[in-house]
Amino acid sequence: GLFSVVRAAVGLVATYVFATWYGIVGVAAGHLLVSTVMATAFLVFVHRGTIPYRLGELLRKCYLVTFAALGVPFVILTAVKPPDALGLTATFVFGASVAIGYTLFGFYFVLETSHRRSVLAALRARMQWKTPGAPR
């Protein structure tokens, strides 16, 4: 709606201004600034009519978990980041380990218990049809 149009217009202006002042880093900074300000404005002013949760509950259950899910692995992976450029194989292994780390962290800390059980049940069911004699 109108909120999205305003967000896009403010984003374009901020991106242009920051790009002329700071170049490509300004584009990223402008985007981050506008995204943060507009997301906060949306949560404070619009969320009551669109999201059936209280603001504190939404922040605690959704955003805090998301920041933890992204922040904890980021801190760990930043600490173990190799100091030199990696070759192709090492880059692939490092990237795969990052993806596996995010997946496991999300599986255990982001998914609710009932959703986690559903995923595991679906995986077990998929594994069973591969055994000989079992129906598909």
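Helices here are DSSP runs of H or I with at least four residues, strands are runs of E with at least two, and both are numbered from the N terminus. The structure is a predicted model, in which local features need pLDDT of at least 70, side-chain atom pairs count only at pLDDT 80 or more, and totals for chains, interfaces and linings use all residues. Residues are numbered from 1 along each chain as its sequence is written, and side-chain values use heavy atoms, with hydrogens and water left out.

**Exercise 1. Describe the aromatic cluster that includes Trp21.**

Step 1. Place the residues. Phe18 and Trp21 both belong to helix 1 (residues 2–22) and are three residues apart, about one turn of the helix.

Step 2. Apply the pairing rule. Rings of Phe, Tyr and Trp (its six-membered ring) pair if their centres lie within 6.5 Å; planes under 30 degrees apart are stacked, over 60 edge-to-face, and the rest tilted. The structure holds four aromatic pairs. One of them is Phe18 with Trp21: the ring centres are 6.3 Å apart and the planes stand at 45°, so this pair is tilted. For Trp21 and Tyr22 the centres are 6.3 Å apart and the planes stand at 85°, so that pair is edge-to-face.

Step 3. Join the pairs. Phe18, Trp21 and Tyr22 form one aromatic cluster.

Step 4. Check exposure. Buried means under 20% relative accessible area, exposed over 50%, and partly exposed in between (1.4 Å probe, protein chains only). Trp21 has a relative accessible area of 59% and is exposed; Tyr22 is exposed too.

**Exercise 2. Describe how helix 3 and helix 4 pack.**

Step 1. Two packed helices are described by the angle between their axes and the distance between the axes.

Step 2. Give the values. Axes are lines fitted to C-alpha atoms over the stretch in contact, and angles run from 0 to 180 degrees between N-to-C directions. Helix 3 (residues 55–80) and helix 4 (residues 88–109) pack at about 150°, with axes 10 Å apart.

Step 3. List the contact (heavy atoms within 4.5 Å). Helix 3 contributes residues including Val65, Leu70, Phe74 and Leu77, and helix 4 contributes Phe94, Val98, Tyr102, Phe105 and Phe109.

Step 4. Classify the residues. The contact has 14 nonpolar, no polar and no charged residues. Nonpolar covers Ala, Val, Leu, Ile, Met, Phe, Trp, Tyr, Cys and Pro; charged covers Asp, Glu, Lys and Arg; the others, Gly among them, are polar.

**Exercise 3. Summarise the whole chain.**

Step 1. Count elements. There are five helices and zero strands.

Step 2. State burial. Of the 136 residues, 13% count as buried.
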